Amino acid sequence: MSIALRDIAGLTELLEQTREVETETREDAWLGITRVIAGQRVRVMTVQDYTALLQFSSPLLNRRLPSPEQFSFFLWVLSPEIQRWNEKQGWRKWRALSWIEKWQAKRHGQKVRRALKLDELEAQEAQWRAKSKLTFALPDDAPFTLAIKEAFKYVDELFLDRPPGLKKETGKSGLCYLTSWVDMLQSEYHLPTAEIWEMNIPVLFARLKAIQMRHNAKVPDFNVDRDKILQNIMLGLKRKLYTEEDLKSGRVDLVANRLRNN
Amino acid sequence: MSAPYYNEGVGQGGFIGSFSASGNVVVESWGKEIPSSHLINQPDQFGGPLKAAGVAGFKTTSALVQLPFDPTGNPPVTEIQLGELVTAPDTHGGETWFVFAVGETFQVGDYFKANLSLQKKYN
């Protein structure tokens, strides 16, 4: 049996909410609105930041758990202060003062450490290790855990509009991802390389997506949040967590993707 | 000549189709094409109209589907096969269709989509 999506109770409202969040996220990316993670201001990631994080294999780019050092480095790379150093704003252009950047990076790391209450967490871990051989699990309410969740959300939103690729890509081109990005944007918009280098990642992805859709109408539209909801429903039906009748009658919690308790 | 059959823009215009081999698949957009008609015109000796007949062609449709992805499955992505049958819900005509062309599969992260071409099953 097939079922129309509009007949699934609560789905229309959920998709509407998702659409609003997506619209807001896309607007924020164009406006370059900063946010706060672990008490530190974080800019919207640029191509330059992305490359730097990739060079240092930042696990956050792949949604993997970082060490406190990796997390602190991630926040420093995305801080407004390092951007001022990169642009050599004001007195930062004087070489004799370059030691201040290192001092600021160290101070930034200390502030992150305090905000995440890492001393307490490390003490908890030491206690755990003394009495158990099992791996220490981060408590759900620890500031470090909450900050990592925030960072994952930030990365998810950045990559919301990454352009679709073919599933069976051969990788024969041998081109660096940067070459492909710069080539596509310069072919269409004739932008200087420096401007692309400093472009916010979501803006870059949105533009690449627009180019792709203009040239190939068959490229489907992806909206990750909406796709996730629909994917969950397909999985729920496949794994027999609920039936189509349950979906119609509103007995399914679409966010948790399971039958409601009552 | 074709026209969108039902599309509200945020996804609720689609349906979850029960495909004969692939199971439940989200059909995001369903663009039913009006059956093509074959006109048989017989002119007179001056080329003017004498007789004419119109015959309806086969109904075809196109669809964009989100392919099921299950990280624990083997294979994780369920591809649609040629010849699979799917019955549209009553809101979308309630007819049974078979897949006669499957386009390339596009991917963003864990999400996979493909364009399908289908024709109505007549018997």
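A residue is called buried here if 20 or more other C-beta atoms lie within 10 Å of its own, exposed if 12 or fewer do, and partly exposed in between, with the C-beta atoms placed from the backbone. By this criterion, buried residues make up 32% of the 123 residues in chain B. The structure is a predicted model, in which local features need pLDDT of at least 70 and side-chain atom pairs count only at pLDDT 80 or more, while totals for chains, interfaces and linings use all residues. Residues are numbered from 1 along each chain as its sequence is written, and chains are lettered from A and ligands numbered from 1 in the order in which they are written.

**Chain B and its confidence**

Chain B has eight strands and zero helices, in the order β-β-β-β-β-β-β-β along the sequence; helices (H or I, at least four residues) and strands (E, at least two) are DSSP runs numbered from the N terminus. Two residues are in contact if their C-beta atoms, placed from the backbone, lie within 7 Å, and among the contacts in chain B between residues at least 6 apart in sequence, 52% join residues at least 24 apart.

The average pLDDT of chain B, where pLDDT is the predictor's confidence in each residue from 0 to 100, is 84, and 86% of the residues score at least 70. Over residues 1-11 of chain B the pLDDT is below 50, although this stretch has 22 contacts in the model beyond near neighbours in sequence. For the model, the scores are ipTM 0.77 and pTM 0.76.

**Where the chains meet**

In the model, 34 residues of chain B are in contact with 30 residues of chain A. Strand 7 (96-108) of chain B is one of the strands that each supply at least two residues of the side of chain B that touches chain A, and strand 7 of chain B gives the most to that side, with six residues. The residues of this side divide into 15 nonpolar, 16 polar and three charged, where Ala, Val, Leu, Ile, Met, Phe, Trp, Tyr, Cys and Pro count as nonpolar, Asp, Glu, Lys and Arg as charged, and the others, Gly among them, as polar.

Strand 7 of chain B is also joined by two bridges to strand 4 (residues 165-166) of chain A, and these strands run antiparallel. In this pairing (strands pair if DSSP finds at least two bridges between them), A:Gly165 stands opposite B:Gln107.

**A helix contact in chain A**

The axes of helix 1 (residues 11-31) and helix 11 (residues 224-238) of chain A come within 9 Å and cross at roughly 155°; axes are lines fitted to C-alpha atoms, for helices over the stretch in contact, and angles run from 0 to 180 degrees between N-to-C directions. Helix 1 and helix 11 of chain A are therefore roughly antiparallel to each other, a term for angles over 145 degrees. The residues of this contact divide into four nonpolar, one polar and three charged.

**Backbone exceptions**

Most residues other than glycine have a negative phi, and most peptide bonds are trans.

| Residue | Phi | Other C-beta atoms within 10 Å |
|---|---|---|
| A:Ala38 | near 55° | 22, buried |
| A:Lys240 | near 60° | 7, exposed |

A:Ala38 lies in the loop between strand 2 (35-37) and strand 3 (40-42) of chain A, whereas A:Lys240 lies in the loop between helix 11 and helix 12 (244-248) of chain A. In chain B, a cis peptide bond with omega about 0° joins B:Asn74 and B:Pro75, and B:Pro75 is found in the loop between strand 5 and strand 6 of chain B.

Methods:
Parallel < 35°, antiparallel > 145°, perpendicular 65-115°, else oblique.
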